[in-house]
Amino acid sequence: MIGRSFRAVSNRTVAASTLIAFCMMTFWGNGSAAEELVGRSSDDVPGIRLDNLSITESSGLAASNRRPSRFWTHNDSGDGPRLFAFDSQGRRTGECRLPPAQSIDWEDMSSYVDGETPRLAVADCGDNDAKRNSIDIYFFDEPDPDKQSVVRSFTRMTLTYADGPRDCEAIAIDAVRKQLILVSKSALPLAAVYLVDLPNRDLVQCEVTATRQSTLFLPMLTSMDMDATNGDIWIGNYLTLFHYPCSDRHALLSEQLGRLPNQYDMPRLRQIEALTVDRDQRVWVTTEGSPALMAEVVLGTEVHDRAAK
């Protein structure tokens, strides 16, 4: 199943592909073994190099809604609360710091538009050992990606999972349904999907409890985004990109995620942990490690034909 693009045709097909992926995941505790197994070395793949040596573990990625061809990323745990901006050629353009925020384990971010205001959400949601009683998500107006900026005003959402701590590396914002989507990460093909309402812009602090809405039978999910144009959801692990088309922007999210996804190969890059959909409906990914690389995912013609309609 893994190795070419196709449309899933049955639940058994998805289950088989996830079992194959799970078998491959067992090797991923060792980085070199993983590279041998799937051939994902940045040395043999053309990618766009991010021209910023401070980006050592690109763990979240978001396309800017303030300026075209601009992107934001942040490092994984171990760095301070800051974001890095760059253009589609990988050239650094700006940086944003959030000095009042904490950065225990930033794992993903998302961009969206609230009314007419571009916004960003950054999720301090990583929890490899499933021990954190709560996690934090920061929501704030998107600064200019072509400048050096400091953000001191944001909404801090403290989130607790109703069914206990979860490791999470994938979030997305649904601006139409006005919801934050979180998907857990597990070596088993059992990813829990959670929803909470977006906070009002004037809130400084809020506390929410997230209840599981559905389960995806997919392993090791590390990234997610929603196409703001049509509501399609894109979710990725290290090997595969899963595409959930949207047929009704106002239907329940569980209905959309309950359908069978399309699947596409990820670029042959090492340790892909972030993705975003840009204004032109192109899907981009970045890698952890230094130098960080960015690449566009090659999609089937039916996706581009659908986007053009």
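**Exercises: salt bridges and cores**

R82 is buried, at a relative accessible area of 16% (buried means under 20%, exposed over 50%, partly exposed in between, with a 1.4 Å probe and protein chains only). This is a predicted model, where local features need pLDDT of at least 70, side-chain atom pairs count only at pLDDT 80 or more, and totals for chains, interfaces and linings use all residues. Residues are numbered from 1 along each chain as its sequence is written, and side-chain values use heavy atoms, leaving out hydrogens and water.

**Exercise 1.** Find the salt-bridge partner of R82.

*Solution.* Step one: apply the rule, a side-chain nitrogen of Lys or Arg within 4 Å of a carboxyl oxygen of Asp or Glu. Step three: check burial. D79 is buried too, at 18%.

**Exercise 2.** Describe the salt bridge between D146 and R67.

*Solution.* Step one: the closest N and O atoms are 3.4 Å apart. D146 lies in the loop between β9 and β10 (148-150), and R67 in the loop between β3 (58-63) and β4 (70-75), 79 residues apart (strands are DSSP E runs of at least two residues, numbered from the N terminus). Step three: D146 is partly exposed at 28%, and R67 is partly exposed at 33%.

**Exercise 3.** State the size of the largest nonpolar core and name residues with the most contacts inside it.

*Solution.* Step one: a core joins buried Ala, Val, Leu, Ile, Met, Phe, Trp, Tyr and Cys residues through side-chain atoms within 4.5 Å. Step two: the largest has 21 residues. Step three: those with the most contacts include I137, F139 and M157.

Technical notes:
Helix = DSSP H or I, 4+ residues; strand = E, 2+ residues; numbered from the N terminus.
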